Structures are given as C-alpha cells and as structure tokens.
Amino acid sequence: MPAEPAYVPTMLPELMSAEQLLDVDIPGKQVELVRGRLVVKEPPGYLHGTIVARLCFELVQYVRAHDLGQVVADPGFTLGRNPDTVRAPDVAFVQRSRVPDPLPTAFAELAPDLAVEVLSPHDRPGETLSKIGDWLNAGTRLVWVIDPARRQARVYRQDGTEAVLSETDTLLGEDVLPGFSCPINAIL
C-alpha cells in the first residue's frame with residue numbers, strides 16, 4: 001500500500017540537516033530528525049497535552065521561584081551532527097548557566113538537563129528507548145517517561161540507573177532540580 005501523500009514530502013534529500021528540518025511542514029504531523037532521517041509522527045492527543053501542561057506548570061513555578069534556568073515545551077534540540085539528530089521532548093529543563101544567550105530561534109545546540117517524554121497511544125517501546133538513549137548519550141542527566149496508560153513513570157539517569165514509579169509515587173528533581181517534587185497522580 002503506498003504511503004499517504006502527507007507522509008511523503010516531495011523533493012526531500014535522502015539525509016537532512018537540522019537546518020533543512022526547519023523548513024519541513026507536514027500539516028497535522030510532528031517531525032524529528034534521527035541520524036539525518038526524517039521521522040513523522042501523529043499528533044499525540046488531548047490527554048497527552050493535558051499531562052504536558054500540568055507538568056510544565058509545576059516545573060515552571062519551581063524553576064522560576066528558585067531561579068534555576070528555563071523550562072521549555074516541545075522544543076527541538078540538535079543532539080548530533082553529520083548526520084544530524086534533532087529530538088523534541090515534550091518538556092525540557094536547561095540549567096541557568098547553560099541557557100543559550102541569545103535564545104536560538106532554531107534548535108538549541110545542546111542536550112537539556114532534563115528531558116520529559118509523555119507517551120501517547122502511537123508511541124512504540126523501541127522508539128521510546130531510542131529517544132532515551134539519544135538523550136542520555138548527548139548529555140541529558142535525567143529523563144522522565146510518563147506513561148498515562150499504565151499510570152506510572154520511568155526515571156532514567158545519566159549513570160545508567162533507572163526506576164519505575166507508580167501513580168502514588170513522586171517525581172523528584174534529584175541533582176538536576178534539587179528540591180523539586182511532584183506527585184505523579186497530580187499530573188495524570
């Protein structure tokens with residue numbers, strides 16, 4: 001069965017750069033770049049957006065109150081070059097000392113200190129693990145994966161350790177956001 005026209009943009013190079021990705025517009029879809037290859041995904045849905053908004057609210061309040069840095073929603077980060085990888089977590093935190101000045105209008109050329117992925121119905125486990133690996137290999141210190149269907153979160157750390165948290169547990173900022181805590185059931 002041939003692909004739908006919306007999924008196959010015409011005249012795209014075999015390998016793309018982060019700069020070329022900025023010009024890709026596929027209506028109603030989300031895009032990332034993985035080792036030069038365009039990845040097109042479905043929009044994640046309403047529940048996903050609600051969880052992202054709730055977590056952003058909690059993080060922004062804490063980060064602003066303690067002047068720790070910057071929280072961004074659905075940004076793109078260039079994690080590698082030649083071929084380029086641009087990943088876009090649902091939420092990210094960058095420590096104050098690492099926030100680019102001036103703020104880039106394109107993708108930031110750094111890995112965030114915290115990357116948050118909220119799973120949507122279309123996410124596949126292998127793709128999610130690949131993203132986690134890209135984040136950690138690029139220098140992200142903490143990755144939270146929120147799983148609304150299972151009502152849990154997984155925490156992945158730069159040192160290779162991980163934890164599974166239930167909805168009655170609390171997300172902690174650990175050494176990335178010292179003192180931050182958010183009950184998982186407050187965002188689900």
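The protein exposes about 10200 Å², of which carbon and sulfur atoms supply 54%, the areas being computed by the Shrake-Rupley method with a 1.4 Å probe. The structure is a predicted model, in which local features need pLDDT of at least 70 and side-chain atom pairs count only at pLDDT 80 or more, whereas totals for chains, interfaces and linings use all residues. Residues are numbered from 1 along each chain as its sequence is written, and side-chain values use heavy atoms, with hydrogens and water left out.

Of the 188 residues in the protein, 42% are buried, a term that denotes under 20% relative accessible area with a 1.4 Å probe, protein chains only. The radius of gyration, taken over C-alpha atoms, is 17 Å, which agrees with the value near 16 Å that a compact globule of 188 residues would have. Along the principal axes, the C-alpha atoms fill a box of roughly 50 × 40 × 30 Å.

Three helices and 12 strands are present in the protein, where helices are DSSP runs of H or I with at least four residues and strands are runs of E with at least two. Between α3 (125–138) and β8 (142–147) runs a loop that holds T140, a residue that counts as buried because its relative accessibility is 0%. A polar atom of the T140 side chain lies 3.0 Å from the backbone oxygen of P112. Leaving aside residues up to four places away in sequence, T140 touches A111, P112, D113, L114, A115, W135 and Q158, contact meaning heavy atoms within 4.5 Å.

Definitions and conventions: Buried < 20%, exposed > 50% of the residue type's maximum accessible area, 1.4 Å probe, protein only. Polar contact = N/O pair within 3.5 Å; in protein donor to acceptor, adjacent residues only side chain to side chain. Rg over C-alpha atoms; globule rule 2.2 N^0.38 Å.
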